[in-house]
Amino acid sequence: MQNLRKLLYSALTCTFLLNGNVVVNSTEKEVKVYSGRHYNTDRAVYKKFAEDTGIKVRLIEAAGISLIERLKREGKNSQADLILLVDAARITNAAKAGLLQRIESKSLENDVPIGLKDKNKEWYALTRRVRVMVVNEKKLAKAGIDINDIKDYTDLAKPEFKGLVCLRNRKSPYNQSLVANQIVNKGELETKEWLNGMISNVSQPFFPGDIAIIRAVSKKKCGVGIVNHYYVARMLAGVNGRRDALYAKKTTVITPNPAHVNISAGGVSKYATNKAEAIKLLEYLASPSGSKGLAAPTFEHPLKEVNQNPIVKGFGEFTPDKVTVDDLGINNSFAIKLMKDAGWN
Ligand SMILES: [Fe+2]
């Protein structure tokens, strides 16, 4: 009986020798995912997808920029079927670099709202994140600033914020997209004025990441910083440990209204060998339950709803501004130039 089972198994799934060539006659479908989303909780969504469809997900993780570099280097030899990236600048740059391919999918067109998908159908958003301000009320009060008077990113350019602003470095695509957003929203002149004012209010070297900014604000090294909302949420929830939870508790999040909303997104690799499976997984991730599955544990927002976690709701309601992800991509290089000109290193 055991032998019979073994024989049957090998007949179904194993490698055969045919005319001297090795032919893989596998019934197992799979999709290889290159992901710049470094959240362990994504794996639960992949697992559910595999259970529902029988398509195995093989995950290869890499940081956003190096992932794009890697894909460029690998070219036609790349194993990637589906590419997931965080930030509008990264996904639009991947498309510009010819790393993605156009796909046709009614369900993606239905599930991903306008402004959060590519006109050429090469990428689709999966989750949303809001760039917020994180403040230390006591530190600002000492400088005579009432946090209720802070409404928008542009407020940080006011002279009373001298020496109180902390920012992540220019390399951060999150900040590049924020500046691109302001260019579209307010025009070149106003953006330049905002940048010049805000950068002259920065008191210390630019930070390597959002979490470091939240800690510095908590320790009163800064009065205000700009970060993605989910970093504060995760710290408050204790995901990063007790100490970070205590740091985050000493800060307050201010959500501009309307707010700059960024995305994580996915597209099918130009040289995907499992294209149909990649489209299926992308559809799954962008579906209401898939997007929720990705966003709920990371404190991001799904595509169409707001994260219902009380911590995230505590940051206040937000209305996304009218800027599309496409606009952010188009203005990325110009944003970097304006940042450089203003001394944003
Ligand atoms: Fe992030």
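**Reading the contacts in a predicted model**

Trainee: How many disulfides does the structure hold?

Mentor: The structure holds one disulfide. Keep in mind as we go that this is a predicted model.

Trainee: What makes C166 and C222 a disulfide?

Mentor: Their sulfur atoms are 1.8 Å apart. The cut-off for a pair of cysteine sulfur atoms is within 2.5 Å, so C166 and C222 qualify. In general terms, a disulfide is a covalent bond between the sulfur atoms of two cysteines.

Trainee: Which parts of the chain does the pair of C166 and C222 link?

Mentor: Distant ones: C166 belongs to strand β7 (residues 165–166), while C222 sits in the loop between α8 (210–218) and β8 (224–228), 56 residues apart. Both cysteines, C166 and C222, are buried.

Trainee: Why is the disulfide of C166 and C222 called left-handed?

Mentor: The handedness comes from the torsion about the S-S bond, which is about -80 degrees, so the disulfide is left-handed.

Trainee: Let's turn to the metal. Which residues coordinate the iron ion?

Mentor: Y174, Y230 and Y231 do, each through OH, at 2.1 Å. Donors must lie within 2.8 Å of the metal, so these OH atoms count. Along the chain the donors follow the spacing Y-x55-Y-Y. Here too, distant parts of the chain are linked: Y174 lies in helix α7 (residues 173–200) and Y230 in helix α9 (residues 229–236), 56 residues apart.

Trainee: Why is Y174 called buried?

Mentor: Its relative accessible area is 5%. Buried means under 20%, so Y174 falls in that class. Y230 is buried by the same rule, because its value is 0%.

Trainee: How is the chain divided into domains?

Mentor: There is domain 1 (2–126 + 263–298) and domain 2 (129–261 + 309–342). Their C-alpha centres lie 32 Å apart. The contact takes 17 residues from domain 1 and 13 residues from domain 2.

Trainee: What area do domain 1 and domain 2 bury between them?

Mentor: About 1400 Å², with 53% of it on carbon and sulfur atoms. On the domain 1 side, Y39, D87 and I263 lose the most area to domain 2, together 28% of what that side buries.

Trainee: How do you know that D326 forms a salt bridge with K119?

Mentor: The closest N and O atoms of D326 and K119 are 3.4 Å apart. The cut-off is within 4 Å, so the pair is a salt bridge. Between domain 1 and domain 2 the count is one salt bridge.

Methods:
Residues numbered from 1 in each chain as written. Predicted model: local features only at pLDDT ≥ 70, side-chain atom pairs only at ≥ 80, totals over all residues. Heavy atoms only, no water. Donors = N, O, S within 2.8 Å, 3.2 Å for Na, K, Ca; no water. Helix = DSSP H or I, 4+ residues; strand = E, 2+ residues; numbered from the N terminus. Buried < 20%, exposed > 50% of the residue type's maximum accessible area, 1.4 Å probe, protein only. Domains from an automatic or database assignment. Contact = heavy atoms within 4.5 Å. Buried area = accessible area lost by both parts, 1.4 Å probe. Salt bridge = Lys/Arg side-chain N within 4 Å of Asp/Glu carboxyl O.
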